[in-house]
Amino acid sequence: MNTINQYYAGLDMGSVSIKAVIISNQKITGWALIPSGGNYKTAATTVMTQALAAAKIRREDLCGIGVTGLGAQSTPFDARPMSDISCQARGCHVFFPSARTLIDIGGQFTKTAKITDKGKIADFLMSEKCATGSGRFLQVISRILQVPIEEIGELSLTSQHPIKFSTNCAVFAESETISRIAEGAKPADILAGVHKAMASKVNMLLKRIKLAPDVVLTGGGGEDAGLAKAIGQIIGHPILVPPNPRLTAAFGAACLTMETTSG
Amino acid sequence: MDTQSQVKTTAVKGTDTAREVRPMVKDIYKAAHEARENGKKVAYMMVASHYDEILRAMDIVPLPTENYAGLCAAKRDMDRFLLRAEADGYSQVLCSYARIGLGFDSLRKELGHIPEGSPDGGMPLPDMMIGSSAICDPRFKWYQATSRYLEAPTFSIDVVAPPPQADLNRVRDYYINYQKEQFQGLIEFCEKQTHTKMDKEKLWEAIRLGDKAWQLWYDIDRLRVAIPSPMPSQDHFSIMVAGHYYTGTQKAVDFYQKLYDEVKYKADNHIGVIKDEKYRILYGGGLPPWHTLWIFNYFESFGAVFAIENVYRGFDPVQVPSHVTDPVDFLAWRTWLRATAYHEKARQNSGNPTVEKLLGIIKDYAIDGVMFHACRSCRATTVGQTHIKTELGKYCDLPMMQLVSDMVDLRDYSEAQWKAQIGAFIDALEARTDQE
């Protein structure tokens with residue numbers, strides 16, 4: 001079936017932000033990203049409206065909507081919720097067909113997955129119910145250091161002497177960070193230390209699923225160059241990052257919807 | 001307790017017989033209360049300790065405290081007991097079954113009566129407490145700690161099992177003799193509490209009934225190799241009540257005979273748990289999430305049925321040699337044979353008896369994927385679980401998933417995380433089917 005000029009939407013209702021992507025023939029024609037806020041339904045409607053406007057199409061032009069993410073059950077649209085790990089894998093496969101291992105660092109969890117040559121899930125592991133395994137850890141440290149979250153990656157790369165955190169708990173790491181600031185540690189060194197601690201946690205998950213190259217990093221963590229470098233160093237493989245890695249799950253949801261709708 | 005806030009925790013069962021279990025659970029506590037009123041002895045006890053028949057033979061009413069914790073979780077009435085135990089100084093990583101039991105007894109002591117609204121009328125005060133080292137360490141120490149809250153004589157029995165690498169022929173007699181001494185010590189303790197001598201004929205009769213029930217239970221599980229699955233794991237977590245809490249009684253035998261007949265009929269007539277069975281899942285290990293048993297139905301909504309499980313029927317029937325004519329010797333031999341059933345296979349292959357057992361199940365039951373439940377406060381079933389999953393992965397290429405929460409402590413559970421994992425697991429099962 002010809003899917004050119006047919007439009008599909010993918011909606012990723014995450015804990016930190018909601019993302020909407022419009023695609024036509026596996027190409028992104030419009031997208032939007034807004035904070036999730038306190039009302040998932042309202043936010044989903046708003047972000048979809050913005051994405052449709054960016055793609056310059058109307059809601060009626062959509063052939064299907066796929067929805068994923070922790071808030072997927074709250075979707076206001078007629079769309080079947082899909083596994084976000086599967087959506088991430090599908091999205092990564094389009095950008096990097098050689099990808100066999102996926103790392104998704106989101107606001108709530110870190111997810112790792114082995115993916116097949118068809119972009120499907122072969123095995124997966126999620127981090128525990130623990131903030132140090134998630135992007136929330138970075139948000140906490142960014143707030144303490146008063147460095148905008150989008151700048152922490154570049155700053156971390158300038159570090160000469162990364163500090164070593166003596167804890168793997170976000171709550172204790174917060175107080176430890178404050179102590180290190182008081183001792184005169186540089187923000188870059190603190191951030192590099194945080195990145196190393198997170199990379200170490202990711203590495204534990206990857207060892208358990210037996211990583212295979214190529215390795216792709218998605219989610220908010222993918223926008224953090226310091227984190228990508230730390231993970232690459234500890235696993236000994238280069239890290240691939242798709243363009244706008246926070247959109248990969250929404251993009252994958254749209255692609256999967258296109259495949260299932262168009263047969 | 002605000003009974004208005006009770007939420008659904010249970011699963012829709014696959015068999016009619018499993019629906020008859022709830023009154024049996026209520027009767028456990030009712031029987032204990034009645035026993036206290038009628039001057040019969042009641043014992044706090046640990047299931048799967050291989051000593052159940054001794055209590056039955058001595059007319060001691062068993063009161064399984066772990067089961068009560070599971071019941072509280074199923075009723076979502078566990079927090080007050082957990083928090084009470086933690087306020088008394090017990091760590092949040094101590095077995096949550098134990099925390100509920102300790103919290104219950106602590107509250108009762110303070111109030112001077114059973115805490116109001118306790119599930120199924122609560123547990124009466126015991127006349128004695130019989131701990132056990134079988135399976136885990138809190139079961140050995142729990143009742144010693146309970147002595148803070150109530151006065152009842154305590155006996156903890158040691159139940160031993162050799163490591164898989166042991167030369168079984170060399171160590172067998174030492175283990176069996178030691179185990180016999182342990183059972184003998186328990187019998188002497190019970191005789192002292194009841195002022196009655198053990199009647200060996202009554203013990204033989206309890207053993208005969210116990211073994212008959214467990215044989216039927218095993219036969220039922222063998223019927224579950226049928227495709228589609230005639231009985232799911234959520235039923236197992238109900239019907240185990242007969243095998244563990246009515247061991248050595250005719251009631252357990254009758255129950256399993258009825259269940260056997262129903263499961264056989266379903267297997268013979270290809271009546272499955274769900275209409276369109278796509279995937280057969282093995283519950284690979286870990287105690288069940290008593291707080292959220294409906295999760296099994298959630299899997300079923302994707303066509304995935306839990307065909308079999310590896311918990312709460314920890315051993316298959318064994319053949320005790322015919323030269324064993326003393327019932328206490330028989331119990332010691334049976335304990336040994338149960339504990340070493342997979343040792344030989346393990347030595348020849350993976351080195352791990354649990355892995356061998358799971359590999360056999362995967363083959364026999366045509367399993368498509370394996371799910372483990374890591375319980376934060378259950379060391380016995382969680383420590384080593386990741387290792388077992390990894391080892392299993394060396395011998396079979398199946399999607400496997402480890403869900404994390406606790407058997408009763410809801411604070412360790414995240415519904416959103418579970419659903420995200422289950423979604424990916426189902427996709428992995430589907431991808432594997434596509435490849436085939």
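**Entry 1: a salt bridge**

I began with one pair of side chains. A:Lys111 and A:Asp84 meet in a salt bridge, at 2.4 Å from N to O. I noted that this is a predicted model.

**Entry 2: the domains**

I then looked up how chain A is divided. Domain 1 takes residues 1–96 + 247–263, and domain 2 takes 97–241. I noted that domain 1 is given in two stretches of the chain. The C-alpha centres of the two domains of chain A lie 26 Å apart.

**Entry 3: the contact between them**

How many residues of domain 1 of chain A are in contact with domain 2 of chain A? I found 15, and they touch 23 residues of domain 2. Together the two domains bury about 1500 Å² between them. Of that area, 71% is on carbon and sulfur atoms.

Which residues of domain 1 of chain A lose the most area to domain 2 of chain A? I wrote down A:Ile85, A:His93 and A:Phe96. Together they make up 45% of what the domain 1 side buries.

**Entry 4: polar links**

I checked the counts between the domains of chain A next. There is one salt bridge. Five residue pairs are in polar contact, both residues at pLDDT 80 or more.

**Entry 5: the domain 1 side**

Which element of chain A gives the most to the domain 1 side? I found helix α2, residues 84–95, with ten residues. A:Asp84, from my opening pair, falls within the range of that helix. I also sorted this side by class. It has eight nonpolar, five polar and two charged residues.

Conventions:
Residues are numbered from 1 along each chain as its sequence is written. Chains are lettered from A and ligands numbered from 1 in the order in which they are written. This is a predicted model: local features need pLDDT of at least 70, side-chain atom pairs count only at pLDDT 80 or more; totals for chains, interfaces and linings use all residues. Side-chain values use heavy atoms; hydrogens and water are left out. Domain bounds come from an automatic or database domain assignment. Contact means heavy atoms within 4.5 Å. Buried area is the accessible area (1.4 Å probe) that two parts lose on being put together, summed over both. A salt bridge is a side-chain nitrogen of Lys or Arg within 4 Å of a carboxyl oxygen of Asp or Glu. A polar contact is a pair of N or O atoms within 3.5 Å; within protein, one must be able to donate a hydrogen and the other to accept it, and residues adjacent in sequence count only if both atoms are side-chain atoms. Helices (H or I, at least four residues) and strands (E, at least two) are DSSP runs, numbered from the N terminus. Ala, Val, Leu, Ile, Met, Phe, Trp, Tyr, Cys and Pro count as nonpolar, Asp, Glu, Lys and Arg as charged, and the others, Gly among them, as polar.
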